[in-house]
Amino acid sequence: MSEMHQFLFDGLPVRGQLVRLTESWQEILHRRAENAETGAYPLSVQVLLGEMTAAATLMQALLKFDGDLVLQIFGNGPLKLAVVEVKSDLSLRSTAKTIGAVEPGATLTQMVNVNNQGKCAITLDPKSRFPGQQPYQGVVPLFDDLGQPIDRISEVLEHYMLQSEQLDTKLILAANDKVAAGLLVQRMPVQGEGNLSAKSTQADEDQIGVNEDFKRIAMLASTLSPEELLSLEPDAILHRLFWDEPLMRYEPLKGSNAPRFVCSCSKERVSQMILGLGQEEAESILSEMPNIEVGCEFCGRQYVFDAIDAAQIFTPPVVKPQVLPPEHLH
Ligand SMILES: [Zn+2]
């Protein structure tokens with residue numbers, strides 16, 4: 001079963017999370033494999049999307065953002081787009097679009113960052129926006145400060161956390177066809193709530209990368225191999241890495257609170273999209289084929305609109321006379 005573990009190091013300015021997605025990740029892969037149009041993901045795309053799905057889930061659990069966290073990678077190369085969306089209740093969905101063959105063993109650079117044009121975007125879209133409010137978006141390139149391409153998505157995201165949040169972060173990610181998993185440890189914001197460390201208020205420790213406790217814990221985390229992350233149970237991983245550290249664990253998110261696959265697509269949303277196309281465009285499609293068919297990229301569901309359905313989309317709703325309940329009649 002998928003699960004999320006959150007923990008602190010007692011008295012130290014360091015927190016961590018471990019996520020293990022199993023049936024939710026398998027569901028995403030299964031739906032893709034069932035899609036006759038696309039077929040299963042090439043192996044390299046599967047690994048990248050799994051790692052991104054684990055990472056986005058970790059980031060949402062960390063931020064507890066009341067809305068959608070969307071992690072995207074796009075650029076040039078055979079992988080056009082990879083996208084993961086995680087809601088505040090940790091329901092999630094992800095998909096990738098390829099245009100052309102992805103070679104076995106293709107790296108992140110070969111897939112999406114040819115000519116260093118690749119980008120990683122993190123969007124926070126609030127559940128309820130006030131009028132005119134735009135979602136917050138941070139974009140980072142897929143290369144380091146020296147212009148060298150970064151070949152691991154974990155490093156891209158560590159870079160992002162450092163640039164946008166000024167937070168040292170160590171991220172270990174791994175995915176195969178059964179499990180997508182991630183371990184994150186982060187130096188806690190000095191002024192942040194929930195910071196239990198008295199030490200970290202000292203000015204000299206308020207510098208990025210100089211906290212000895214964080215450095216030691218990040219070093220321990222980095223000894224975790226992808227194979228261990230994928231095959232060991234969370235309890236075994238945390239014990240193996242941090243047995244000698246003052247680990248304080250929260251109640252794990254399991255069962256109905258666990259991260260899980262949910263697709264938020266609906267006939268209404270697809271209708272809105274067709275409405276956006278305009279009547280002329282919709283009629284032009286229907287002059288060439290019997291139905292307008294729209295497939296959801298995330299879950300593979302097919303939405304079919306025939307000419308009558310389409311006409312209804314463009315017919316303004318009839319305003320029904322309101323019947324008041326008896327207590328409102330005078
Ligand atoms: Zn869907």
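The legends below go with close-up views of a predicted model.

**Figure 1. The whole protein chain.** The secondary structure comes to 10 helices and 13 strands. The C-alpha atoms fill a box of roughly 65 × 65 × 35 Å along the principal axes. Of the 330 residues, 33% are buried.

**Figure 2. Confidence along the predicted chain.** The mean pLDDT of the protein chain is 90. A value of 70 or more is reached by 90% of the residues. Residues 192-204 are another matter: pLDDT stays under 50 there. For this stretch the model has 16 contacts beyond four places in sequence.

Figure 3. The domain assignment gives domain 1 as residues 3-261 and domain 2 as residues 267-313. Their C-alpha centres lie 35 Å apart. Contact between them involves 6 residues of domain 1 and 5 residues of domain 2. On the domain 1 side, α1 (23-34) and β5 (91-98) each supply at least two residues. That side of domain 1 has 4 charged residues, 2 polar residues and no nonpolar ones.

**Figure 4. The open sheet of 6 strands.** The strand order is β7-β6-β3-β4-β5-β11, and the pairing is mixed. β7 (136-141) and β11 (260-261) stand at the edges. Each has a single partner strand, so one side of each is left without a neighbour in the sheet. β7 runs antiparallel to β6, joined by 6 bridges. Within this pair, A121 has V139 of β7 as its bridge partner. Helix α2 (residues 43-63) packs on the sheet and touches β3, β4 and β5. The direction of α2 makes about 30° with that of β4. Helix α4 (residues 153-165) lies across β6 and β7. The angle between α4 and β7 is about 125°.

**Figure 5. Strand β3 and its two pairings with β6 and β4.** β3 (residues 67-74) pairs with β6 (residues 119-126) in the antiparallel sense, over 8 bridges. Here G67 has P126 of β6 as its bridge partner. β3 also pairs with β4 (residues 79-86), again in the antiparallel sense. This pairing spans 6 bridges. β3 and β4 form a hairpin with 4 residues between them. In the turn, G77 has a positive phi of about 135°.

Figure 6. K80 lies in strand β4. Is K80 buried or partly exposed? K80 has 16 other C-beta atoms within 10 Å and is partly exposed. Beyond residues up to four places away in sequence, K80 touches F74, K97, T98 and I99. G100 is 20 residues from K80 along the chain, and their C-alpha atoms are separated by 9.3 Å.

**Figure 7. The open sheet of 5 strands.** The order is β8-β9-β2-β1-β10, with antiparallel pairing. β8 and β10 (247-249) stand at the edges. Each of these strands has a single partner, so one side of each lacks a neighbour in the sheet. From one strand to the next, the twist averages 15°. β1 (residues 3-9) and β10 run antiparallel, joined by 3 bridges. F9 stands opposite L247 in β10. Helix α5 (residues 212-221) packs on the sheet, touching β1, β2 (14-21), β8 and β9. The direction of α5 makes about 165° with that of β9. Helix α7 (residues 234-242) packs on the sheet as well, touching β1, β2 and β10. The direction of α7 makes about 145° with that of β2.

Figure 8. How many of the 7 residues of β8 (residues 169-175) are buried? The count is 7 of the 7, so β8 is largely enclosed by the rest of the structure. Both faces are covered. One side carries T169, L171, L173 and A175, all buried. The other carries K170, I172 and A174, likewise buried. In the sheet, β8 stands at an edge. Its partner β9 (residues 180-187) runs antiparallel and is joined to β8 by 7 bridges. A175 has A180 of β9 as its bridge partner. The two strands form a hairpin with 4 residues between them.

Terms used: Residues are numbered from 1 along each chain as its sequence is written. This is a predicted model: local features need pLDDT of at least 70, side-chain atom pairs count only at pLDDT 80 or more; totals for chains, interfaces and linings use all residues. A residue is buried if 20 or more other C-beta atoms lie within 10 Å of its own, exposed if 12 or fewer, and partly exposed in between; C-beta atoms are placed from the backbone. Two strands pair if DSSP finds at least two bridges between them. Domain bounds come from an automatic or database domain assignment. Two residues are in contact if their C-beta atoms, placed from the backbone, lie within 7 Å. Ala, Val, Leu, Ile, Met, Phe, Trp, Tyr, Cys and Pro count as nonpolar, Asp, Glu, Lys and Arg as charged, and the others, Gly among them, as polar. Axes are lines fitted to C-alpha atoms, for helices over the stretch in contact, and angles run from 0 to 180 degrees between N-to-C directions. pLDDT is the predictor's confidence in each residue, from 0 to 100.
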